[in-house]
Amino acid sequence: GTEGWVVGVEGKGATDGGVVHDRGMKRIKAGDAGDVSWYFEAPKEYLGRQDNFYHATLNFSLGHFIYDRTSGGVDTSIPDVIMTSKKHRLGAVHVFKSGVSTWDYSVPFTAEAFEKQCVSGSSSTGVCVSDGGKCVRNIDCCSQQCVGGKAVWMNLKSKQRATNIEILETLGALTSLKIRGGYYPGGVEKTWLRLPTIREGSDFNVTEAANAPAAPLTANTQRRSQASCSREERVVLKLNPPSSVESTKFNTRHLRPWSFAYTFENVPPLCSDVVLTVEAEGDLVGEDKHIKVRTGDGRQLGSLFKTFGDGAYDARACPGAADGESCTIGINGSVYMAGERILGSSNFDGLVIPRTLSTAMASTGSFTVVLFVDPSNPAESVLVRSLQLSFPLGGCYRHNARGFPIYQGQPRRYSGYFHTLTFPSPPPPDDAAAFYLNMTGIIAPESVTVLATYGDVVAQHGDPGTWGPRFMEALSNASQSDIVATGEDYTGLAPMARVFADNYGQSPPFGNQTLAKGVAVPRASLTAALAGVASAPMGAPGDLKASLFLTGAPDESSHPGGAVLHEAGLIYPPKSCFVRTLKQGMNLEGLRGPPINRELLRCSDRWKCDSIGLTNNAVYEGLEACEQGCVVQPGSVKGRCYRPFSPEGTCANAARSCGCSQEGHAFCLDAGVTRMAATGSCRCVPDQWCEGEPINASLPYAFDGLPTPVGDVTVYLEASVPYPFDPQVWLRLRLTEGDGRTLGHFFGAPDCSSSDCRLPYTLNDATTPLVDHVTIPMPDALRFLADGRLEFALELDAPRPDLACGLHPYHERCFPGMSEAEAVARVYKSAGQTELSAALDAALTGFSVASASAAGIVPGEYIRVDDELMLVTAVAANALTVQRGAAGSTAAAHRLGTCSCTDYSAACETAASYAACDAATPAKIGNLPVPVPWTPNSVRVVDPVILPGLFNGKGEVTLRAVTISYATA
């Protein structure tokens, strides 16, 4: 059939019917009977988020069965191809070949001219291109003038040349794509269209995803498949530091050559194409002036601000034009901005980073691109204003195979084998994957890298430390035949990824530091491993095993010594996944637009009594209290309760006083007797007061109808947070079902010694919302989502000074849901305790205790004495050296103990020792002996997990959207 293609008319007139399928010629056709501009309109499969078409080419064959030229030529002001979004309407003009019955057309999705040609000049040597020949740069032409023709994209609203950003934005939200079929103004016109195909032709826009299945007739769209479950709306991260932030990368003119790395911190997992937009100004007008872009590890992504023609046209007969048709040729201008000759104004350009690259680039939470101008680039001076990333959320399979606890070990001496990871039943990938590591180690020599292979080496081959040096050499070369040649058939060691191998220069990849890195894993190899091809036995059915090797010279003296593995995981777009979003417009509490309410407004409820006797004019808090107490005395007749008013302002006559009736009517009192109408500023106001009190905000939400996850679950949050950004302003994600545990924190953390910490958003734009995420590990997610529902709360604590749970274990923010006994047990590291040997003043940093070992006191621990926390820096027997007033507490003097006497005598209350307390206590009360009421001041070790205190700074937080996403079977 016609596969959803229809016809539509631009302007007046109508076609003579709909689209007809020409089965024999594998094409569609339609027509008109007059001067009608009509179009073949693409079906929905071509529409939506299609920014991966950027720099691709729309190819199609178009021809006529019948056309009538007797009434005039083709109106070239009408676009040949139209694409629209809600924001833009763009048209490709001067594409059609008039007077030709059939032609194969190519329309690139770029702001550059569709073809460039040499102007004037001839070649006697054949080295350069003569007049009319195709070219790319000026140097290709004998005349040194390579210019663009008339075939370009136009903005049909502004009547200006379309910019790359406009094309990119339109493709990102495509609502229609039309190919013109009605051209000639005469009588009957019959047009056919065959094989409209979008081909990705850019060297920088590559993918390993399988092409979408080719339709048998017209919709033969060759492009990567899109993750159907990623959210359609895009989020934006923007680097645009204010002038108060010192940064040589922004708002500073860079002189050629220059190169700067720009890093977006705390980027969520990405499994989609990413649009990078750069705002710059300076010397960007002219031939070959541009900014190049590459990844942090050196892969070229493309060029920005490339120029060619500015609309200074030279009318002449175009080579190959039909019937002597004139064309116009542009000379030396810009494709990205109309009017960019005004130097100093900002210009925008962008490119698409395909998800095969973006997934690995963002896998460790930082997304780095490098902008540079090399020495041969004629752009002498450039200033970068801002960078922006735009992408949809969700659409990822993600599993951290080593989250908690960490793994610490030594590699085998000869093979370098370190550890085996397990990924439970990963789903089929829809594109290339990223394998990421977060490791700390002391590793030598400098050539050591980490190699991940498919399969469980130990389960299949036993201890790899016995394999010998030849195995390590073969494994480093990643050659299966070499591995087999060692005498062992290691069929399970197909290479998966090599990490820390390419971007650390002359520095050793490890050395008492933590490194995080993600690298691409080919889709084909991962698919083969999941299918059991070239992989070791998988252990549990469907489980993927991966073995880690620390590669290097396998001699005894310099092979790797040891490493700590913090994280190791896979992330990729799966064939099937789930995404759902709660956002503004759904009438949900906290998502209605205003900032989260961080203040409780408390107002008085005063009532006044009108009676006779003692209660007359008495003021009560609340109507109920007033009605009970307001009586006429003597007797029990009820008086009258009313809301009191207070006079405010003055009467016009200064001799009169301003007053209020019980009903709140103002009056002026003459000589204290006669009431007169209020004048001047005299008025009455309610005699009430209101004050704000900081409160904790807890906003409950729920996702329903959730399918079973097959990997980790990611919860994304978009919000506007106070500026300047502070990692101590955070939102808590907490379950409101089950045990009510905290799942994680967004934008910061209460304890920045933990893995929850966020890098500072120092360079982020102050007006653009931030995006952060919390990962729920797969084992937990399976329990939480077992009923198909996730109930949770987003919580924002009240702004207040530091609160150390070591000092305030009963506080509602510290251990919600725990009893007092459980809270106290949570605060202290053990039941052991000791006593002070002498009283302390507020400044002393060295003192002794009765038994440091009994309390488990060692350097690095926090101890509590009364309401002060101290950090122990040294221990010698029972002598301690400490840092006073740690974790937000206050250094204070501490007594040796407390004497608690029943007679509250001064001697007892001031007793500073057991002996003094004994002396101040009576031996007997009556015939009963009295024990000495002495309580020594205890010293106990506090669990450092709850330190420092829970602090959440001031400022407004506005929620934008909450999204959940994960892979499904």
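Trainee: Which residue lies over the face of Phe667?

Mentor: This is a predicted model, where local features need pLDDT of at least 70, side-chain atom pairs count only at pLDDT 80 or more, and totals for chains, interfaces and linings use all residues. Residues are numbered from 1 along each chain as its sequence is written, and side-chain values use heavy atoms, with hydrogens and water left out. A charge sits over a ring if NZ of Lys or CZ of Arg is within 6 Å of the ring centre and within 35 degrees of the ring normal. At 4.2 Å from the ring centre of Phe667 lies Arg675.

Trainee: How many aromatic pairs does a search of the whole structure find?

Mentor: Rings of Phe, Tyr and Trp (its six-membered ring) pair if their centres lie within 6.5 Å. Planes under 30 degrees apart count as stacked, over 60 as edge-to-face and the rest as tilted. The search of the whole structure gives 18.

Trainee: What is the angle between the planes of Phe96 and Tyr184?

Mentor: Phe96 and Tyr184 are 6.2 Å apart, centre to centre. Their pair is edge-to-face, at 70 degrees.

Trainee: Are Phe109 and Trp153 buried or exposed?

Mentor: These two rings form a stacked pair, 6.0 Å centre to centre, with 20 degrees between the planes. Buried means under 20% relative accessible area, exposed over 50%, partly exposed in between (1.4 Å probe, protein chains only). Phe109 and Trp153 are both buried.

Trainee: Where does the charged end of Lys249 sit?

Mentor: The charged end of Lys249 is 5.9 Å from a ring centre. That ring belongs to Tyr262.
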